[in-house]
Amino acid sequence: MVAAPMKMLRIKLGSQGLEVSAQGLGCMGMSTYYGPPKPEPDMIPLIHHAVAAGATLLDTSDVYGPHTNKILLGKALQGGVRQKVQLATKFGIRFGCRRDTAVLQRPGVRARGVRG
């Protein structure tokens with residue numbers, strides 16, 4: 001007997017009515033930090049599976065890769081998938097030559113991080 005699919009719980013963020021899945025998909029490990037980058041042919045179906053299962057909040061950042069995580073998501077979210085999700089991102093962070101971090105707060109840096 002096959003169990004019926006579970007419906008993903010949803011929550012509201014903030015006061016403007018944005019509603020997302022209570023469980024999101026953090027995409028950092030797909031591109032960096034937990035070993036080498038994972039193969040795109042494996043990660044794109046994983047993202048599609050999460051969205052099909054009801055995940056509507058995906059988390060990424062400029063520093064994951066760097067930049068390769070956002071490129072991966074761009075490929076995975078084609079064909080109407082983008083309209084089903086909200087993206088959470090962090091931007092304006094850069095690593096120095098010793099992996100020291102710095103946060104860049106200039107408005108132009110913020111705008112480029114949001115627009116891509």
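Select Tyr64 first. In this predicted model, Tyr64 is buried, at a relative accessible area of 9%. The cut-off for buried is under 20%.

Is Tyr33 buried or partly exposed? Its relative accessibility is 37%, so Tyr33 counts as partly exposed.

Show both rings. A pair of aromatic rings is described by the distance of the centres and the angle of the planes. For Tyr33 and Tyr64, the ring centres lie 6.4 Å apart and the planes meet at 90°, so the pair is edge-to-face. Edge-to-face calls for planes over 60 degrees apart.

Next, the core. Select Leu25, Met30, Ile47, Leu58, Leu72, Leu73 and Leu77. These residues touch the most other members of the largest nonpolar core, which has 16 residues. Colour α2 (40-52) and α3 (68-76): each supplies at least two residues of this core. Which helix gives the most? That is α2, with five residues.

Stay in the core and centre on Leu73. Leaving aside residues up to four places away in sequence, what does Leu73 touch? Its partners are Cys27, Ile47, Leu58, Thr60 and Leu87. Two of these, Ile47 and Leu58, are also on the list of core members with the most contacts to other members.

Select Ile11, Leu13 and Leu18. Together they form a nonpolar patch with about 220 Å² of accessible area. Pick out Ile11, which lies in strand β1 (residues 10-13). Ile11 has a relative accessible area of 38%, so it is partly exposed; that class runs between the 20% and 50% limits.

Finally, zoom out and switch to cartoon. The protein chain has four helices and seven strands. Follow them along the sequence and the pattern reads β-β-β-α-α-β-α-β-β-β-α. Of the 116 residues in the protein chain, 27% are buried. Last, draw the surface. The accessible surface of the protein chain comes to about 8100 Å², and carbon and sulfur atoms account for 60% of that.

How values were computed: Residues numbered from 1 in each chain as written. Predicted model: local features only at pLDDT ≥ 70, side-chain atom pairs only at ≥ 80, totals over all residues. Heavy atoms only, no water. Core = buried A, V, L, I, M, F, W, Y, C linked by side-chain atoms within 4.5 Å. Buried < 20%, exposed > 50% of the residue type's maximum accessible area, 1.4 Å probe, protein only. Contact = heavy atoms within 4.5 Å. Patch = residues over 30% accessible without salt bridge, like charges linked within 9 Å, V, L, I, M, F, W, Y side chains within 5 Å. Areas by Shrake-Rupley, 256 points an atom, 1.4 Å probe, with all protein chains shown as cover. Salt bridge = Lys/Arg side-chain N within 4 Å of Asp/Glu carboxyl O. Phe/Tyr/Trp six-rings, centres within 6.5 Å; stacked < 30°, edge-to-face > 60°.
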